[in-house]
Structures are given as C-alpha cells and as structure tokens.
Amino acid sequence: VDPDDVLRGNDNETYVRLVSPSPAPTVSKAPTVSLVPTRSPTSPAPSTSPAPSTAPTDSFAPSTSPEPTPTPSENGPPPAMAPSPEPTETANPTKRPINEGLDDDKDCENDPYNALLFPFVFLLLGACTMQLTSKFAPNVPYTVLMLIEGCLVDWWASLDDNDCPFNPMQQTLAIWAHMNGDLILYAFLPALLFGDAMAINMHVFKGAFWQCMWLATVGVLASAYVTGYVAYLSMPYDHPPSLYLTMGAVLASTDPVAIVALLNSVGASTVLTVQITGESLFNDGVSMVLFKLFFDTYRGKHTGSLPKFLVQQFLVGPLIGILCGGVTVFWLSLATRRFSHEHATIQLVVTICCAYISYALAELADSSGVLGTVSAGLVVAWRGWPLVVEPEALESVWEFLEHAGNTLIFALVGVITRRVAFGSRYIQPRDFFYAFVLYLIVELARLAMIVASFPILSNIGYGCSKADAAFMWYGGLRGAVGLALAMNVMNKLKRDDQEKIGMIFLFMVAAVSFLTMTVNGTTSRWVVNRLGLVKASEARLRLRARVKESIEKHAVEGYEKGCLEHDHDAEEVLEHVTAVKHLRGSPSARPTIATGRRASTRGFDVRAAKTFVRGFEKAAAPLDVDELVLLREVVYHVVKAEYWGMIEEGSLPRRSRAAFKLIESADSGLDDTRTPLHDFDLLHAAIAKSTAATWLDRFFNCLDSCLPECVTIDNRIHYALAYDRHETAYYATRAFVAAHRHAQHQVAEFFGREGKAGDAPQTHAEAVVILESARQCASAERRIKGVTPHLVNLVKTNIIAQNVIDIQHELIAKLVRQGVLTPGGAKTISDELDRDSAALGAARRRKGEAIAMLHVEHHAGPKQSHDELSVSRRRLVELRLANVFETRGTATTDATMSTSQATVGI
C-alpha cells in the first residue's frame, strides 16, 4: 500500500482494500489485467470487444456524466479480457529462489547499511570498464556494458543458494532491485537532465529550438501512438490499448549520452549535436507527461479535464523551473570572488540543489518535474556560465554526477532484467522474440516520424539535410529515462497485484534499450562515416595541416629547450616522436653543440653560502633564531610545492616512487624545524636502502642458479626491478637538487629588504638557511656522480621526450578550447602522439633492461670463474645500449639476445 496515494485519494482500489473489513478473496487476488503469452483463437480480439459501462474507458476526453463510485472491479480491464487466474502461481507457496528478492522471505534479516555497497561496487566496475573500453573497444557503448555487468553480478551473487542469512552482496542487490519507482526517478533524473541542459550551447540551441520542439512534441506524440497501437495489434498479449500506449510513451524518450559522445569524438557538426541533445531533453519531458496520462488511465485514475491537465503539465512545470533557474543565477552572481574555494563550493552546491528542488517543486504542483528541471538547466546555461568561478571544476562534478547516474541506473536495470528474464516464472521463451518485434516496431515508428517531419525540419531553424535526418533516426537510442519509468511501472503494478504485467513491461523496455544500444550504438560510428557527416573540406584539411605545422614548431622549441636545460642532446627522441623526426641529421638535433650553451644553475654553492655567513659573523650581525626556524619552514614548503610542479609538468613521473619519497622527506623535515635542514639525509637513507643489494637480488640469483639456462623470464623480472630502483634514486636526487636551488633563489629574492632582489641574503638567518640548503645539495650531487652515465642519459632522455609529448598535448587541448581545432582533428593528432608514447615506452624498457643487467651482475655474488662469461655479458650490454633506440636495430638486437642466451646464461 502506498500511503501517499491513500492520503491524496489517488488510488481508489488501494483505499477500498485498506478500509474494507473483509474483502472478498476473489477481488484481492484476481489480477486487474493479465498478460498471457498466447491469445485464445476463440476469444475476441481486444480491439473489437466492447467494454462494459462499468470499466474505465481509454478515452482521454472529460466525461460529462457523473462518475460511478469506484470499486476494485472497476479499476480492472473489461471482464471479457480477463482470463481465469493461473492456479500454478499461488498453488505451491514454496519459498522463492534468492534472485527473486529478500522481501519474500520474512525470516532473513536485511541490514539497511548494506545498500551502500551497490553504488560503490558498480562505480568501481564502471571505472574499470571505461578504462578498458577506451583503449581496446572505443566503439562499444559504455552503458551497454554496465547493463551486462549488472546481469553478471546478480548471477554471481545468486550462486550462493543458502536460504539464510544472505551475504551483503545479495542484500544490497535485493534492496536496490526492490527500490520504490518514484525514488528512482527522484534520485537519477534531475542530475541526468540538469547536467545535459546546463552544458548545451545556447546560441545553437536558440537556432534549433523549433526543430527540437517539433520533434519533442509532434514527433513524440506520433511515435508513442504508432508504437503503442502497432504493438497492440501485432503482439499476442491481452492488454487494453492504454498500457500499450504507456509503453509507447516510455519508448519515445531518447538518450543522447552515447551518441553525443560519439559526435564530439569524431568532430561532427555542432548543430546536429545540439539538435539531438535538445530533442532528447524535451522529449523526455513530453514522454513523461504522456506516460502519466496513459498509465493513470490504465490504472483507473481519472485525470479530470484534459486541457487543464495539459496546461498544468506543460506550463506550470516550466514556469517553476524558470523561477528556480533565475534564483540560481542570482545566487551565482553573489558568489563570484576569484580564487575563492568557498565561493566555488557555494556555486557547486547551488546548482546541484537547483536540479533537485526544481524537480521536486514541479512534482509537488502535479506538473512535469522533467520539464521543470530542463527549464532550470537552460536558464543556468543561458545566464549562469559567465558567473562561474571555476568552470572546469563545475563541469567535472556534473560530468561525474551524470556518469554515476548512468552507471547505477543501467547496472540496476541489468540486475532487474536478469531476475525477470532468467529468474522469473513470468517470462517465456517466446517473449524474447516479441521483444525483438517490439524493437523493430520502435525503429520503424521513429523512421516514419522522421520521414514525415523532414519537409518541416529542413525549412525551419538551421535546416536539416538528408544525412542529418537519417542519423537522427538511427541515433535515437533508448536509455536511462525510459528504464527509470519502466522500473516505476513495475513497482506500482506490483503493489496493484499485477507483478507479472510489471515484470514483462520492464523486460520489454529493457530489451528494446539493450538492442538499440548494442545494434545502433555500436554501429553508429560506421553510419556517421557512411553518411559523410564528418567529411572535412579541402579548406579545412589545409587549415588542419597548418595547425599541425604550428604544433610541430612548438615541439621543436620544447626539444631544444629541454636539451639545453638538462645539458643533454636526446637524439634518441628523434627516432620515435613524429613532430621532431625531421631534425635527424641536422645541427638542430644536438642543440648543446650547435649553440655552445649549457644549462644554467640557479641558487648558491657551499663556498658562496659560506662567504655570506662569514660576512654576517664578521659584522657581528645577530642571528634571530625564530626567523631561522620560520625560514626553514618556508624552504620546506617551497621545496614541496616545487615537487608538485615537477609532477604536473612531467619532469617527475607520477607513477615513480621518487615522487612519494620526495614529498615524504619534505613533510618529515617540517616535523623538526629547530634543527638544520636535513631532508636529504632522510631521502638518502631511503634510496640507499632501495638501491643496495637486497634479499630480492639474492632470491633471483638463487632462482637463476636453479633454473635451466633456457628460462629467462626470471632474469627479465630481476632486471626490471633493479632498473626501477636505480631510476627512482636518480629521479629523486635530481629533483631534490632542482627544488632546493629554486628554494634558495626564492629566499634570497622575496625576503631581501635592500638592493636588487636575488643578489644576496639580507639577514644572518637567510644566509644560514641558504648554507644549510647548499650543503644538502652538495650531498645530493655527490650521490648523482655515483650513478652510471647510461642511466643518467636515459632518464634525461625520458624527461625531454615526455616534455615534447606534453607540450603537444597541452597545445592541442588549448586549440580545441579556443575553437581553432575541432575535436575530430584533435583526436587524429592525439592518436599519433599516443603511438609515439608507446614507441618511446618500449624503447625505454629495452634500454632499462640492459642498464639493469650491469647492476645485477655487479651484485651477483662471488666472482665468476670464467672470464669469457663476464666478457660476453659486457659485450651484450654494450650492444643493447648501442642499438636499443634504433628502430631498425630492434630485431637484430633481439636476435643477438636469443643466440647469445646459451652462452651468457641470461
């Protein structure tokens, strides 16, 4: 029983069952409408059977005669349509299997807090799925995979067939599978709709407004009626037309998430993207109104006057949304202080509250919450974005909310669909066939609507080409909104003792959504290319070529700057980075030799720092201990900030353990600022321990002596681990020196009180801190001199190569934001950069393995008795170091490795 329906007086049947002292068993158990897989050949067709006067009519016109007092029998279909109850559904009251839910077993306790497990499990699965599909299957829609994963997770949880107690995963799946339908709509729809509306291009939307309105009003109405009545006439289920029209209204709403992502990735027309997005936003609202109308009619709820109902739905809801959007924009204008974390947080909270409050207020006014939320989002998109303090942060949060909403709702539909399709006694094998028939009906209905509307669409707004119209038809996927409505139908019909009808309704909608996403979604990229929607003109291709030349010019400048900064000519980079390959063999390939310049060193050495200190001591300048402690704290903070800057610019790899060790050393230094600077002492202890011969080296050496010489996988693992340790040590030491040199310069520049900034320290405490920092740098530089030159050159090459790649990525992103480069053109260049990065990574691993062999052989234990073996290994290492970056020499080197393995025992 729904208490809200009883209090509002909207559910007459529930009210009668609630207040009746002894309802007849036949009334409460007989289904209002029964969905039978086969229609009896002798029974009359539903379309030709006259309905008795006591049954609710499917006409939506207001009745002038007084309505009879509703009874439970009046809320059902005509008696001629209702077959006899199936005794098998109630004859054996055995406990249902676990995949039918927990609410049927009253002896099993259900812990409410286990409901939190569902969203986090599926969000984690979604993150893994997105990462894998972006690399290996970019054409597969993400939402399809989440629906399949929902089915698989529910199946996996059902393998534990213990009756009680249920495990936490079974409990969380059952809680979400039996969630109230209205709660699902309230939880998911506002975030999905508001995010799409707020991100729309308002200028293009105003030009395409009437096209979107035509498709969302006349188009949705036509699609719903055609789908409903064709399904009613062609499918064998004994439904009244109102339930088929309800299904048609649910299937009339489209989901633009996958299609818009595809159009953006291939660089399709902005007009086409906005047309599809705008149609989806408005047709969600219109289909929701039709859904209420048809579903209330099916359940026997009278909507009153039809004109009043339509005005209330299409006028009151948007007005409430416009009001909420206006209040939101005004509030945003009051929190516009730049670089204010508080104002950015306020703006984020206000937009999220606007989405849900506009939906709730419209629903409380018995209007369309969807249209209210969409209207509020459009107002914010129209006037709100210039007021946003941190647009990127706001976009990121709303993208996450949309991603989370789509992930959870499709996973939930997968869970429920599996229970209905494979774990329920209601679904028969032939229902799968009729689900495919319904998919064809939906596609043909939309095709007919687009074809009939084409003369109008091509003459209003921006116009519409035949290719655009064809893709509007093919790209009309069904998604989150329709599935949420279907789950709402299932839950409400279950309360009305029509669980079978609700489950089949959900199964049909989920099957159509699955087919549109798998068939249409996965082939949409091919359709876009076949229709020529992304075909670039000759002028655009020439412009793209000039843009690429400009990007390559910036890459060359970055290469030269990196070589001079690190005092290293990274000619190996020219073999793999496409943008700088043309420098091979030219003087520009070796900037340090061509220009004769070397890297400049900032900061002070120990000798200069001692001179400053002695000067203050001779002048008997007092040493302020409090200032000294404060300056040490400042140095640690500056050093730590510089580490983060190195991570951002790529000179300190994010995945390297050096980044963690460096930040940890600065934090540890901040714990004790009363003692001289000592962060390198902490860092050196960590890296010395990691690079020394450890139990891991002894383990691999012992393993190598036990395995036959033909087995080399242990050696490769050993080499990789050894190289990683030494590379981490060098990265950490080099970054430490650079950060402290920067900190010395900052102290001398920003705390000086006289003369030119940066010339010299101005107080005794500044001189002492700079001397302490210089001594730490000297210790680190001595550590660097002990590193093999091969490793130093390799790390410098990696830094320069990564810098060249990052310069191009940053420039591409900037050009896309500025509109100079389309997303499609940017993707072409980005794919090329990804191939360059993969080639550089492979070369780095090969050369790193060769360098690590030096370390492994050095710590291999007792000296080998055979000098020939050591000589062969050294020659092999030299060969690998010489040829590892040569593109043509890779195969030769590998062949040499394989032929030498029998001799050198690798």
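# Worked exercises on a helical chain

At 30% relative accessibility, V316 counts as partly exposed. Keep in mind throughout that this is a predicted model.

**Exercise 1. Describe how α13 packs against α15: at what angle do the axes cross, and is the crossing right-handed or left-handed?**

Step 1. Take the axes of α13 and α15 (residues 369-383): they come within 7 Å and cross at roughly 35 degrees.

Step 2. Check the hand: the α13/α15 crossing is right-handed.

Step 3. List who meets whom. On the α13 side, the residues include G317, G321, G325 and G326, along with I322. On the α15 side, they include G372, S375 and A376.

Step 4. Link back to Exercise 1.

**Exercise 2. Work through some of the salt bridges: how many does the count come to, and which partner does D496 have?**

Step 1. Get the total. With a cut-off of 4 Å between side-chain nitrogen and carboxyl oxygen, the count comes to eleven salt bridges.

Step 2. Take D496. Its partner is R299, with the closest N and O atoms 3.0 Å apart. This pair links distant parts of the chain, 197 residues apart: D496 is in the loop between α19 and α20, and R299 is in the loop between α12 and α13. D496 and R299 are both buried.

Step 3. Go on to R632 and E772, whose closest N and O atoms are 2.8 Å apart in a salt bridge. R632 is in α24 and E772 in α29, so this pair ties together parts 140 residues apart in sequence. R632 is buried, and E772 is too.

Step 4. Stay with α29 for the next pair. R741 and E781 meet in a salt bridge at 2.9 Å, N to O. R741 lies in α28 and E781 in α29, so parts 40 residues apart in sequence are tied together. Here R741 is buried at 9% relative accessible area, whereas E781 is partly exposed at 30%.

Step 5. Finish with a network: salt bridges link D154, R418 and R419.

**Exercise 3. Is N491 buried or exposed, and which residues does N491 touch?**

Step 1. N491 is in helix α19. Its relative accessible area is 10%, so N491 is buried.

Step 2. Leaving out residues up to four places away in sequence, N491 touches M179, N180, G181 and I184.

Step 3. Compare sequence and space for one more residue: L506 is 15 residues from N491 in sequence, and their C-alpha atoms are 9.8 Å apart.

**Exercise 4. Step back to the chain: how many helices and strands are there?**

Step 1. The tally is 33 helices and zero strands.

Step 2. Of the 906 residues, 49% are buried.

Step 3. Among contacts between residues at least 6 apart in sequence, 81% join residues at least 24 apart.

Step 4. The accessible surface comes to about 43100 Å², with 60% belonging to carbon and sulfur atoms.

Definitions and conventions
Residues numbered from 1 in each chain as written. Predicted model: local features only at pLDDT ≥ 70, side-chain atom pairs only at ≥ 80, totals over all residues. Heavy atoms only, no water. Buried < 20%, exposed > 50% of the residue type's maximum accessible area, 1.4 Å probe, protein only. Helix = DSSP H or I, 4+ residues; strand = E, 2+ residues; numbered from the N terminus. Axes fitted to C-alpha atoms, helices over the stretch in contact; angles between N-to-C directions. Left-handed = near helix turned anticlockwise from the far one by under 90°. Contact = heavy atoms within 4.5 Å. Areas by Shrake-Rupley, 256 points an atom, 1.4 Å probe, with all protein chains shown as cover.
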